[in-house]
Amino acid sequence: MGSAIIALAFNVLLLPNHIASGGVNGISTIINFLTGWTPAFIQWTLNIPLFAAGIFFLGYQFGIKTFVGTMAVPLFVFLSQSFKPWTNEPLIAALFGGVIVGIGLGIVFRGKASTGGTDVVAQILHKYTHLSLGICMALIDGFVVMIAMGVFGIESGLYALIALFATSKTIDLVQVGMDQSKTVMIISEHQEEIREAVLYKIGRGITRLKAQGGYTDSEKQILLCVIQQRGFQKLKEVVQEIDPDAFVVVMSASEVMGEGFNS
């Protein structure tokens, strides 16, 4: 399903508007413009040797799911190549194309799979250069976007960057979900009252952490609570009502697993 969604976005939004937002799909957009070759065949031609290189350099950890993803995206691109473009506005195509590709990739990643392609090159670079995987991906996608700027013009390359940004943010949303949680750390002279309120009024678990004041050198306790976004405002109100002088630190928790939370 993820591969089909990626292919749909490619054929109805990105390809007709010449938005080459990195990866094998971006390369196929450029080659299709220059030669007129069918994008699906270009993608298969690139994906198969890249998958073989991945096995050679990185071993067999890719597995069958990566092979399926490597073959499936070009297949769905081929099957949907007759679909008409949804828009001829490059900005709309970049935004919504990036979002839809992100949804497809997020589904693929949640299935513990990969679409292969230039991801394999990034992993090889990561292994032999010790650069972070994110930097390796950015280098490869940036190289594709630079080529696109040379072929389609600078404006088209800028649209490709918009699509890349939209894709990365959407992948995070699909993998983590909309209802992100908050990690709340509370230092207060009224810890027992706050602890009971969180446990029994709000219905969330809470953990006590031992700490030592850096200025006073006195022993303290920190109350740690992880709570969904929808319950965060109530927690804030409860703490402020009990102790307006409480020291509270709030951080976003991008993913929480365990009792009381969906994995």
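How far apart do the end C-alpha atoms of residues 91-111 lie, and how much of the span is helix or strand? The ends are 30 Å apart, and the span is 95% helix and 0% strand. Here helices (H or I, at least four residues) and strands (E, at least two) are DSSP runs, numbered from the N terminus.

This is a predicted model, where local features need pLDDT of at least 70, side-chain atom pairs count only at pLDDT 80 or more, and totals for chains, interfaces and linings use all residues. Residues are numbered from 1 along each chain as its sequence is written, and side-chain values use heavy atoms, with hydrogens and water left out.

Now to the packing. The largest nonpolar core has 24 residues, and Ile6, Leu13, Ile19, Val77, Ala94, Val101 and Leu105 touch the most other members. Such a core is a set of buried Ala, Val, Leu, Ile, Met, Phe, Trp, Tyr and Cys residues joined through side-chain atoms within 4.5 Å; buried means under 20% relative accessible area (1.4 Å probe, protein chains only).

Helix α1 gives the most, with seven residues. A second, separate core of 15 residues includes Val184, Val198, Ile227 and Val239.

Beyond its neighbours within four places in sequence, Asn32 is in contact (heavy atoms within 4.5 Å) with Leu15, Trp37, Pro39 and Ile42. A polar atom of the Asn32 side chain lies 2.8 Å from the backbone oxygen of Trp37.

Conventions: Polar contact = N/O pair within 3.5 Å; in protein donor to acceptor, adjacent residues only side chain to side chain. Buried < 20%, exposed > 50% of the residue type's maximum accessible area, 1.4 Å probe, protein only.
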